[in-house]
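Open the model in your viewer and keep the selection tool ready. This tour goes from charge to charge.

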Amino acid sequence: AGRDTKELKLHITAPYDAPEGTYKGMLHLDAGKAGKADVVISVVVIWPVDFNISSSSPYFSYPPFSIDFGPLQLKERGYEQRRLNLTLTEYYRYKPVRNLRLSTEGEYSNWLKERHDFALIPPGESRNITIVIQPGLEAVPKHYSWTYYLSAREISAKRVQIRAKIVPLNIPEMIKYLDAFRESQLHRSYPSSEYIISNGTELLQDIERSEIGVEDWRKIPVLVRATLSLLDALNNSIIHSANRDYDHAVENLLAASVSTSTISSNSLLNNDRIFGYATEIAASADRTTRDVVREEAKMLELRAWGIKKAVEHAQNDMSKLKEDENVLESALCYQHAATLYGLLNERQKRQECIYEKSKMMDWHDELVSDATDLRIRAEGIISDSRERDLVRVWNRYLLLNPYNYDTFSTSYETAEGYFERASHKYRLAGESLLYRDTISELKELEAERSSIISLFFFSCILYAIIFLYALNRIVRGTMAYLKDTYEREIGDIMV
């Protein structure tokens, strides 16, 4: 009568080991008087394929898939490198994973590298991919993030979020350097340096746990390096001073003063957690530096005064004068003390040391001038004596005239006295090079005088031998003449 529509449900079951492909079949429909029909049915068998992502690395977590490399610190030759292995496992066990594709999105994605040595993943098996991160020197201190895509044939892309934090400091090494100063002479002599070390260590440890802004990151590396430079300079100044190397001691204290200013100007940070550490470092650095500088300034001023008194007492007797006690050394100590008092902003003490230093330099110049005048006079006396009293034979001077002996001796003794007085003045002045030159000239003059006198006595002995020989000849000749005369007279008588 009327038309009606009914749905027929057809259930098709494929064997589990049926190969992939398209299968066709014919369905015969017989509706009696309504008619018959054939329907072609196509069945496509597709094996499933997919993979799981896993890793034993502490950097890896899921769900969702993510990798957090944590803080990457600046080492000696660049930022540190980190890596982890991702394990891809095909889990349907029907067919392999083919045409694996890897890609990265994000700023500086070239920092990320992947390494694998397989073309496919067999059904049910696992393969490893190594992901390596190596930030370049263009990195700035902040958090970076990337999206890492893994896809394959018939498998949609899986996303892995990757994060890393750039820290432009080698924190473990910095902490190690700070701890090493607990064994230094600075720490033993000035316990206040412990506040610098402990607050610096806590600041570095907090950096890894805190969120640091870009503005603070501009100051923190400068602050930390200036702190290490300060401790090193203060410790070196103490060591140099103990070794009586006062020039380098003062140089290190000047460097320490610069480091203290650098610490102070970079201690105002926005991060509340590390702000307290930074301000405490700045306060302790200023306090410790002033203590070391003041102690060194007092020592140098006292040393300058002691040397001054020793030189005054040694003008008549130099036997008790030490090697490093002289006018120039006293002036240098006053100069160093004035420099350090300037760092402490103690103007009156600085002016006093400058005044004493100028007095010592005037005395130094006077001693050098007098010594130089004595050397010139000695050289003039020697030149005159050589021309007047001696005879030059090749490169030697000889005293051949006994009548010149007294004037020769007087001239050379006077010159030696001038050289000796000049050497004393150079010694008091602190001109070691001129002192050694004068002593060398004095020894050469003494050796020359000794040589001339030795040759003179030798020539006198030679003169005596010649004189005696001549006298002997004269006596003998006279005796022979008298004898001949006597014999002639006797002969005349007999004749």
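## A tour of charged side chains

Select Glu366, which sits in helix α8 (residues 347-389). Helices (H or I, at least four residues) and strands (E, at least two) are DSSP runs, numbered from the N terminus. This is a predicted model: local features need pLDDT of at least 70, side-chain atom pairs count only at pLDDT 80 or more, and totals for chains, interfaces and linings use all residues. Residues are numbered from 1 along each chain as its sequence is written, and side-chain values use heavy atoms, leaving out hydrogens and water.

Is Glu366 buried or partly exposed? Glu366 is partly exposed, at 48% relative accessible area. Here, buried means under 20% relative accessible area, exposed over 50%, and partly exposed in between (1.4 Å probe, protein chains only).

Next, select Lys158 and Asp50. They form a salt bridge, with the closest N and O atoms 3.2 Å apart. The term means a side-chain nitrogen of Lys or Arg within 4 Å of a carboxyl oxygen of Asp or Glu. Lys158 lies in strand β14 (residues 155-167) and Asp50 in the loop between β2 (36-45) and β3 (51-54), so the pair ties together parts 108 residues apart in sequence. Lys158 is buried at 18%, and Asp50 is buried at 16%.

Move to Arg388 and Asp389. Their side chains meet in a salt bridge (3.2 Å, N to O). Arg388 is partly exposed at 47%, whereas Asp389 is buried at 3%.

Last stop: Glu413 and Arg449. Their salt bridge has its closest N and O atoms 2.9 Å apart. Glu413 is in helix α9 (residues 405-429) and Arg449 in helix α10 (residues 432-494), 36 residues apart.
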